[in-house]
Amino acid sequence: MYAKTAALLGWFAASYAFLVFVATGPWSAVLGCVSLGLAMAGIGFSIQHDANHGGYSERKSINRLLAWTLDVLGASSYVWSWKHNIFHHSHPNVVGLDADIDIQPFCRVAPGQRLHAAHRFQHVYIWMLYGLLAVKWHFVDDFKDVLNGSVGRQKMPRPTGRKLAGVLGGKLFFIGWALVVPALFHPVWKVALCYALTSFVLGLTLASVFQLAHCVEEAEFSEVPEGGGTFAREWAVHQVETTVDFARGNRLLCWYLGGLNFQVVHHLFPRVCHLHYPALSRLVEETCREHGVRYRAQESVGAALGSHVRWLKRMGQPEVVEAVMVEAVV
């Protein structure tokens, strides 16, 4: 993990230095932006993700330090811990509880969500929305969630004292290295364009990886039980049936994604370092087979992307709403 961390942080630093101090023409700037965006996503997948889950190291101080790499990337580790660790991991793919699948009113990715006429084209335009994820994190979502004291429909405590200072300090630090320092060497409009392209690459990469693990044909979706009742499936079964692995045999992708293509294992053991996911997945899959729980996995990224696009098309069609309503009545 230390070697991987050094490689990813080195990639980030080299990309940033190239973009600010070396790139002169438009093509070199584009290359620098793409490299920087992918490096930032890699840090998010492999370093901050494990650290914020407490799985990077057995030492809490190291986890706390490296968890802050998310703040360096422009998103609040405080808000993310509530949104991802608590709300998403507790109820993945549950409409109304999992904010990660709530792109309303722009897109519909779950049967229990409202359908709008424009959703029939969502499989075409959703990629642009994915690309805006990072900008939305940087300047909208974190501030909104802190002010409201909630993530979607779920409440979270507003940060105070050191925690609030950490949220604001992280934002200022990000703005400093991402916008202020480059503006000392380049025209503001060029800095703005490079920020937009880098953020688009970052957002598209992050959102796509999440969607391939949760918003595909093979994943299950559910809604909050009426009247405050309990969920039909036990916690572990729910985790397995709402998540899907992909490209488990692609070693380069496994390295870059920090094991997030082994999503089933991650949801069952979020505090385990992702380096152990490939070995654990074989044990989990065998256990699921013994107990009649379907373990889902796509063979490749292409297969997962195809499933995601087909799911988006299906969710954009009115017939799906009618079928779900009929099934519910039956």
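Helix axes here are lines fitted to C-alpha atoms over the stretch in contact, with angles running from 0 to 180 degrees between N-to-C directions. Helices (H or I, at least four residues) and strands (E, at least two) are DSSP runs numbered from the N terminus. The model is a predicted one, in which local features need pLDDT of at least 70, side-chain atom pairs count only at pLDDT 80 or more, and totals for chains, interfaces and linings use all residues. Residues are numbered from 1 along each chain as its sequence is written, and side-chain values use heavy atoms, leaving out hydrogens and water.

The axes of α6 and helix α14 (residues 301-315) cross at roughly 115° and come within 9 Å. The pair is therefore roughly perpendicular, a label for angles of 65 to 115 degrees (under 35 is roughly parallel, over 145 roughly antiparallel, and the rest oblique). Contact, meaning heavy atoms within 4.5 Å, is made by Q122, H123, I126, W127 and Y130 on the α6 side, and by L305, H308, V309, L312, K313 and M315 on the α14 side. Sorted by class, that contact has 7 nonpolar, 3 polar and 1 charged residues; Ala, Val, Leu, Ile, Met, Phe, Trp, Tyr, Cys and Pro count as nonpolar, Asp, Glu, Lys and Arg as charged, and the others, Gly among them, as polar.

Helix α6 also meets α9, with axes that come within 6 Å and cross at roughly 115°. Here W127, M128, Y130 and G131 of α6 touch a set from α9 that includes S199, F200 and G203.

From α7 the contact takes L133, A134, V135, W137, H138 and F139, and from α9 it takes Y195, S199, L202, G203, L206 and A207. The tally is 9 nonpolar, 3 polar and no charged residues.

Next comes the largest pocket, which holds about 1,100 Å³ of space. On a 1 Å grid over the protein atoms alone, a pocket is an open set of points where a 1.4 Å probe fits, with protein on both sides within 12 Å along at least five of seven lines, and lining residues have an atom within 4 Å of a point. Of its 40 lining residues, K83, D100, L133, W137 and D141 are the closest to the centre. Helix α7 gives the most to the lining, with 9 residues. Overall the lining splits into 22 nonpolar, 10 polar and 8 charged residues.

In helix α5 sits H89, which counts as buried because its relative accessibility is 5%; buried means under 20% relative accessible area, exposed over 50%, and partly exposed in between (1.4 Å probe, protein chains only). Leaving aside residues up to four places away in sequence, H89 touches H53, H84, W235, Q239, H266, H267 and P270. T242, in the loop between α10 (235-241) and β5 (245-246), is buried at 0%. Among its contacts beyond four places in sequence is N93. N93 itself, in the loop between α5 and β1, has a positive phi of about 60° although it is not a glycine. Finally, the peptide bond from Q104 to P105 is cis, with omega near 0°.

Notes
Grid points are joined across faces, edges and corners, and a volume is the space filled by probe spheres set on the points.
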